[in-house]
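Please study the sequence and the model shown below. The paragraphs that follow then lead through selected parts of the structure in turn.

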Amino acid sequence: MAKVVIIGAGFAGHTAALYLGDALGEDHEITVVNKGTEFCYLPSLIWLGVGRMAPEKLVFPLAPVYERFGVRFVQGQVTEIHPADDYVVVRPVGEEATRRLDYDHLIVATGPHLDYAGTPGLGPDGGHTESVCWIDHATRCRDAYLERVERMEKGERIRFVIGSGHPMATCQGAAFEYLANVHHDLLRRKLRDRADLEWLSNEDAPGDFGVGGVQVKRRGRVVGSDTFMQAVFEDFGVTARSGCGVLGVDEKRIHWEDLDGVEGDTRYDFAMLIPRFLGPRIRWVGKEGEDLASRVVNPGGFVLVDAFYGLPYDRLVDTPEAWPATYQSPNFRNVFAPGIAFAPPGPISRPHVTPGGRQITATAPRTGMVSATIGRLVAMNVIGLVREGKMKHQARMTEMFAACVASVSDSLWSGSAVSVVVMPVVPNHMRYPKSGGRDPLSTHLESGLAGAWMKYTIHKTMLHKMKGRFGWKIIPE
Amino acid sequence: MTTTRGQRFLSAFKPYQLWRFLVMNVKILRGVDRSKRLPAFRVKYKVSYVVPGGEMPSVIANTSKPHQAGDVIRLLDRDVEVIEVRQMMRPRNQFTFLEAICRPVEGK
């Protein structure tokens with residue numbers, strides 16, 4: 001009987017647990033270790049952050065789903081991984097003592113460690129800014145937002161600053177969605193004229209989103225996502241400031257440095273800034289108790305997998321095979337890291353260094369659809385290893401399709417969303433040399449009411465899939 | 001670039017948006033289908049075995065499993081232990097090029 005341990009129950013971990021439970025749950029031991037008891041559908045947290053969706057519509061309990069799939073569930077935190085001895089140390093919630101869990105295959109799908117401490121003054125816990133990265137934070141963000149709305153109703157003018165909170169932050173798409181929803185919510189409340197909205201981001205141009213932007217052909221001419229986003233910001237009356245790495249936040253101002261090395265600050269009354277993502281804070285321990293981190297993870301804590309690391313950016317863009325295919329650790333081959341936990345071989349967007357030597361780059365996003373797709377792939381390979389002793393699947397981000405629907409307003413009658421469809425996620429300049437590395441037939445960018453319908457459809461169908469309900473397997477990740 | 005009145009009208013015109021909704025669904029399902037049909041895959045490792053000291057000639061061989069330090073393998077009728085594995089150059093499609101530094105196992 002094989003033992004598979006999955007750390008984390010987000011998009012990657014939960015998807016892997018469903019496929020593994022479905023295929024192996026009856027005859028093998030599949031265990032999921034997660035800090036919380038619920039699955040949270042993160043892409044809709046932006047609606048919670050403006051008070052347009054109740055928190056209970058975004059979560060469901062994991063234990064009943066796992067019971068149906070024959071998966072063991074342990075609520076707790078993994079404190080140590082012993083990859084040379086094939087076990088993890090878990091501290092279950094509410095218990096002082098730790099527990100040892102042995103495994104034959106380990107899936108590290110922890111998601112990111114939200115590094116608020118990486119920027120002084122950032123974050124809702126002890127900092128001055130809000131965040132929509134987790135349900136508790138989004139709930140606090142909603143309360144802070146509604147408090148500002150009350151002040152605006154009394155006649156006060158409020159300055160909202162939304163974007164990324166670190167020179168190496170990622171997930172600008174979520175920040176843009178939040179900005180757009182704030183804009184529309186204020187319009188709906190007839191308060192937009194009392195608000196100043198500012199976009200502050202570490203992307204080198206608006207619309208980069210950490211994937212190097214998107215170029216599509218429309219009516220015979222090529223339109224880039226930068227031009228598209230500039231038009232959106234102009235429409236919304238938003239001041240956009242890109243290429244800014246946030247260095248610190250105090251009670252009234254956000255301090256930043258731009259790509260030219262010029263330092264400045266922005267006054268704010270309400271700020272929602274996405275922090276830098278780091279790898280999981282777990283100790284990797286060897287046979288003699290030595291620290292194995294340098295062999296297993298990169299300095300950011302992300303797990304090293306079958307990628308080709310160390311290539312300079314200009315060579316990386318011409319080497320699609322440098323991106324990992326199986327997400328398997330090269331040193332411990334029964335360890336896999338799908339989703340945000342794996343270390344990418346480099347950024348997708350061109351990196352920038354200021355004259356003072358500070359790196360300001362939108363780092364590679366691998367959330368949502370990408371995470372779930374990799375989670376499924378890793379599960380299929382583990383199933384192959386357990387049943388036949390071999391892996392049969394691969395998916396590099398240079399071959400992987402992804403869709404991202406950025407909600408602008410949630411109404412199904414008058415709402416809107418920006419729909420971005422990219423094939424592949426990481427531009428593959430060898431396969432598509434004439435179209436910026438992307439398949440021109442599949443890659444797509446548009447905005448309109450259809451996007452709002454799409455966002456709502458994805459919200460409903462993904463929750464249905466994640467609950468493992470009828471037909472869950474045929475719903476795409 | 002600014003959004004024209006025509007674009008603004010179309011982005012809220014429901015019959016047109018229903019058409020766009022269907023187009024987007026087709027695009028997404030087509031892309032997912034392409035992504036899902038993952039090809040059968042087996043990495044081939046081309047390994048250059050080097051035994052320093054001149055006792056044994058170097059050997060180049062293909063293998064389906066990568067070696068790790070500590071593995072004992074049979075090479076030219078002798079057992080050798082792998083002491084280090086290096087990637088010689090970047091992977092090419094399904095080929096990974098490795099160099100395995102080995103030493104003869106004592107007594108064999």
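In this predicted model, the second largest cavity is lined by residues of chain A, and three of them, A:Asn202, A:Glu203 and A:Asp204, are followed in the list by A:Asp208. The lining also includes A:Ser349, A:Arg350 and A:His352, together with A:Ile360, A:Thr361 and A:Ala362. Sorted by class, these lining residues comprise four charged, four polar and two nonpolar members. The space inside this second largest cavity amounts to about 30 Å³. When cavities of 30 Å³ or more are counted, the total is two. Rolling a probe the size of a water molecule over the atoms is a way to show where empty space is left.

The next topic is the sheets of chain A. Strands of a sheet pair through backbone hydrogen bonds, and the pairing may be parallel or antiparallel. One open sheet of chain A has four strands with parallel pairing, in the order β14-β11-β10-β18. Which strands stand at its edges? They are β14 (239-241) and β18 (270-274) of chain A; each has a single partner strand, so one side of each has no neighbour in the sheet. From one strand to the next, the twist averages 15°.

Within this sheet, strand β10 of chain A, residues 158-164, runs parallel to β18(A) and is joined to β18(A) by five bridges. Opposite A:Ile162 stands A:Met272, which belongs to β18(A). Two helices lie across β10, β11 and β18 of chain A. Helix α4(A), residues 135-153, is one of them and runs at about 155° to β10(A). Helix α5(A), residues 172-188, also lies across these strands and runs at about 170° to β11(A).

A further open sheet of chain A has three strands in the order β22-β23-β24, and its pairing is antiparallel. Here β22 (402-409) and β24 (444-448) of chain A stand at the edges with a single partner strand each, so one side of each is left without a neighbour in the sheet. The twist of this sheet averages 10° from one strand to the next. Strand β23(A), residues 416-422, is joined to β24(A) by five bridges, and the two run antiparallel. A:Val421 stands opposite A:His444 of β24(A). Helix α5(A) packs on this sheet as well, touching β22 and β23 of chain A, with its direction at about 25° to that of β22(A). Helix α6(A), residues 225-236, touches β22, β23 and β24 of chain A, and its direction makes about 10° with that of β24(A).

Chain B is assigned two domains: domain 1 covers 5-36 and domain 2 covers 44-104. The C-alpha centres of these domains of chain B are 52 Å apart.

Notes
Residues numbered from 1 in each chain as written. Chains lettered and ligands numbered in written order. Predicted model: local features only at pLDDT ≥ 70, side-chain atom pairs only at ≥ 80, totals over all residues. Heavy atoms only, no water. 1 Å grid on protein atoms, 1.4 Å probe; cavity = no way out; pocket = protein on both sides within 12 Å on 5 of 7 lines; lining within 4 Å. Points joined across faces, edges and corners; volume = space filled by probe spheres on them. Nonpolar A, V, L, I, M, F, W, Y, C, P; charged D, E, K, R; others polar. Pairing = 2+ DSSP bridges. Axes fitted to C-alpha atoms, helices over the stretch in contact; angles between N-to-C directions. Contact = heavy atoms within 4.5 Å. Domains from an automatic or database assignment.
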